Every structure is written in C-alpha cells, then in structure tokens.
Amino acid sequence: MNPIKVALAGAGAFGVKHLEAMQKIDGAQVVSLVGRELDKTREVAQRFGVRHVADNLEASLALPDVDAVILCTPTQMHAAQAIACLKAGKHVQVEIPMADSLADAEEIVRAQKQSGRVAMAGHTRRFNPSHQWVRRRIAAGEFHIQQMDVQTYFFRRTNMNALGQPRSWTDHLLWHHACHTVDLFQYQTGEVATHVHAMQGPTHPTLGIAMDMSIQMKTASGAICTLSLSFNNDGPLGTFFRYIGDSGTFIARYDDLVDGKDNKIDVSRVDVSMNGIELQDREFFSAIREGREPNSSVAQVLPAYRTLDRLERTLAESD
C-alpha cells in the first residue's frame with residue numbers, strides 16, 4: 001500500500017495532536033510541515049521525522065509528492081487555504097471551523113465540487129466514541145433526544161493557546177466553539193434547527209470579542225439545545241454534553257460517557273481508538289483511498305454554518 005503523503009499546516013497545539021494521531025495510522029506519511037515561526041516548526045518537524053519545513057502553504061503545495069493537506073492554521077485563514085489546496089488538486093481536511101462566515105463556507109463547498117477531491121472539516125464530536133455510542137442508540141430507535149444541555153468553558157482572558165503560548169489570532173465563541181455543538185445537535189437529531197436565538201455578554205476591551213454567550217435551538221420535532229459558552233470560566237475547563245432523552249440521560253466529557261447517575265459507560269469498543277482526532281484522520285484517509293465522501297465532509301457540515309449565520313444575525317439584532 002503506497003502511503004498517502006501529507007502536508008500539515010499549523011505546527012501549534014492542534015497540529016501536534018494530528019501529528020501524534022497520524023503516527024498510529026498505517027499508510028499516512030507527513031512529508032511537509034508549515035509553520036509561521038520556522039525555528040519552532042523545525043523543532044516539531046524533527047520530533048516527528050518530517051523532512052520538509054516551510055513558512056508558507058504555497059511551498060508545500062508545490063511539492064509534487066503531496067497528496068493531501070491538513071490545515072490547523074488560524075480560523076481566519078481556513079477558507080482561503082482550503083480553496084487553494086483544492087485548486088492545487090490536493091485532498092484537504094480543514095480544522096473546525098472551516099470558515100468564519102457562511103459565504104466562505106459555501107465557497108469551499110463549490111471548490112470541492114469543482115475539484116472532485118475529498119474535502120473534510122474537522123468536526124471531531126462526530127468521531128468521539130462517546131457521541132458515536134449515543135448516535136448508535138438513536139439509529140437503533142432506542143433513544144430520542146429531548147434536550148441537549150451543553151457547556152463550553154475556557155479561561156482565556158488573554159490571547160493564549162492551549163499550550164499557554166501567545167496566539168497570532170483571536171478565537172471566537174460563535175464561529176469556533178459553538179460550531180461543534182451546532183453541528184452535533186443537528187447531526188444527532190437528523191434535523192436542522194428551525195428556531196434559533198443567541199445572546200452575548202460585553203465585548204472584551206482588548207480582544208474585541210464577546211467572552212460569554214448563550215445559544216438556544218429547536219428542531220421541528222421539538223428537540224431543544226441549550227448551549228452556554230464562556231472564556232471567563234476559571235475551571236473546570238472543556239465541553240460537557242448532557243443528552244436528555246426519552247429512555248435515559250447520558251453525559252459526554254470528550255471520549256468519556258456516563259449515565260445520569262454517573263455510572264461509567266464503556267465506549268472502548270465503539271471504534272478502533274478512543275482518540276477522536278485519530279478517528280477523524282482515519283476517516284479522511286479512508287475516504288481518499290476509497291474515493292468516497294467522508295463523514296464530516298464540507299458539504300455535510302454546511303447546514304451547521306447556515307445555522308451559525310442565523311445565530312449571528314440574532315446577536316446583531318439583540319445588541
């Protein structure tokens with residue numbers, strides 16, 4: 001089996017997670033690493049045995065042996081870079097969110113259709129074993145969602161990344177962190193939200209973003225989702241999903257799952273790994289080899305970006 005040769009753009013915290021995941025996947029070989037700071041990028045490349053290093057994506061796209069690209073760059077670069085990869089004839093996986101506007105998301109989908117290449121967005125919650133377990137119960141008709149209650153909490157009053165390093169860009173509660181839950185709610189219910197509403201707190205004087213946000217969604221069947229997001233929360237940190245249904249309650253904390261009485265549910269056999277990023281990458285490479293549309297393709301997740309656009313408009317109306 002010839003390896004799929006990969007260029008990874010973005011040598012920061014999330015890029016490293018993908019590099020670690022790909023070490024566990026047969027038939028995937030990272031041949032180029034792109035990072036804004038060359039010295040730091042070379043250190044990461046040496047750690048993972050990547051031979052080519054560049055400070056711009058174009059240099060990697062010009063390499064004749066690159067088959068696919070994984071983009072872990074700042075959000076504001078995602079759309080333009082994903083489109084550039086597709087126009088260069090490369091398969092692309094772009095980390096969440098694939099764009100920070102509906103217009104850009106739609107342009108990525110158009111570029112994918114024109115290129116015929118695999119284009120996938122990094123909506124990891126579709127791949128976490130905990131959420132896969134719930135989805136299988138739904139598919140079997142054993143569980144129907146009445147409410148999803150979700151908390152996404154971080155402590156980011158300064159512009160630092162997950163490694164405690166200064167960011168070159170500003171994160172966003174709606175277009176990045178809410179994107180996970182909006183897509184998951186619509187994916188698990190099989191419906192697009194018919195009613196949406198959002199409110200946000202004051203804008204941070206330096207970062208220029210809202211640090212607190214509340215989102216509500218409802219589907220035609222009556223399932224509702226309540227999402228609370230904050231960059232002001234000083235622990236515990238992360239995203240916590242409570243599924244309230246007609247036959248039980250389940251609480252997902254990344255790859256862990258418990259029932260409403262805090263009894264642990266074994267999800268270790270749901271998939272070949274307990275690592276959502278690894279499972280996401282496995283799907284990307286499998287889709288390339290099999291010539292098929294992947295789960296979390298840019299077309300499949302586009303409805304979430306339409307909902308985010310509607311939510312953004314409700315924020316503008318309420319401010």
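Which strands does helix H9 (residues 298–318) lie across, and at about what angle does H9 run to S8? Helix H9 lies across S8 and S9. H9 runs at about 50° to S8. Across means contact here, with heavy atoms within 4.5 Å. Axes are lines fitted to C-alpha atoms, for helices over the stretch in contact, and angles run from 0 to 180 degrees between N-to-C directions. Helices (H or I, at least four residues) and strands (E, at least two) are DSSP runs, numbered from the N terminus.

This is a predicted model: local features need pLDDT of at least 70, side-chain atom pairs count only at pLDDT 80 or more, and totals for chains, interfaces and linings use all residues. Residues are numbered from 1 along each chain as its sequence is written, and side-chain values use heavy atoms, with hydrogens and water left out.

Start with the sheet. Seven strands make up an open sheet with mixed pairing. Their order is S8-S9-S10-S7-S11-S12-S13. Two strands pair if DSSP finds at least two bridges between them. Strand S8 (195–200) and strand S13 (256–259) each have a single partner strand, so one side of each lacks a neighbour in the sheet. From one strand to the next, the twist averages 10°.

Now follow the pairings. Strands of a sheet pair through backbone hydrogen bonds, either parallel or antiparallel. S8 and strand S9 (residues 212–218) are antiparallel, with six bridges. Gln200 has Met213 in S9 as its bridge partner. S9 and S10 are also joined, by seven bridges, and run antiparallel. Here Met213 stands opposite Leu229 in S10. The hairpin of S9 and S10 has five residues between the strands. Gly222 in this hairpin takes a positive phi near 110°. On to S7 and S10: these strands run parallel and are joined by seven bridges. Thr152 has Leu229 in S10 as its bridge partner.

Helices cover parts of this sheet. Helix H7 (residues 173–189) lies across strand S7 (145–153), S9, strand S10 (224–230) and strand S11 (238–245). Its direction is at about 160° to S10.

Helix H6 (residues 129–139) comes next. Its buried residues are Pro129, Ser130, His131, Gln132, Trp133, Val134 and Arg137. Buried means under 20% relative accessible area, exposed over 50%, and partly exposed in between (1.4 Å probe, protein chains only). The buried residues of H6 pack against H7, S11, strand S12 (248–253), S13 and H8. Just after H6, Gly141 has a positive phi of about 75°.

Asp281 is buried but has no salt bridge. A salt bridge is a side-chain nitrogen of Lys or Arg within 4 Å of a carboxyl oxygen of Asp or Glu. For Asp281, the nearest side chain of opposite charge is Arg282, 8.8 Å away. Lys and Arg count as positive and Asp and Glu as negative; His and the chain ends are not counted.

Salt bridges do occur elsewhere. Side chains of opposite charge can pair when their charged atoms come close. The whole structure holds 13 salt bridges. One of them joins Arg47 and Glu20, with the closest N and O atoms 3.1 Å apart. This pair links distant parts of the chain, 27 residues apart: Arg47 lies in helix H2 (residues 38–48) and Glu20 in helix H1 (residues 13–22). Arg47 is exposed, at 53% relative accessible area. Glu20 is partly exposed, at 33%.

Arg110 and Glu107 meet at 2.7 Å, N to O. Both lie in helix H5 (residues 102–115), three residues apart, about one turn of the helix. Arg110 is partly exposed at 42% relative accessibility, and Glu107 is partly exposed at 34%.

Finally, Arg36, Glu37 and Lys40 are linked in a network of salt bridges. Glu37 is partly exposed at 36% relative accessibility, and Lys40 is partly exposed at 46%.
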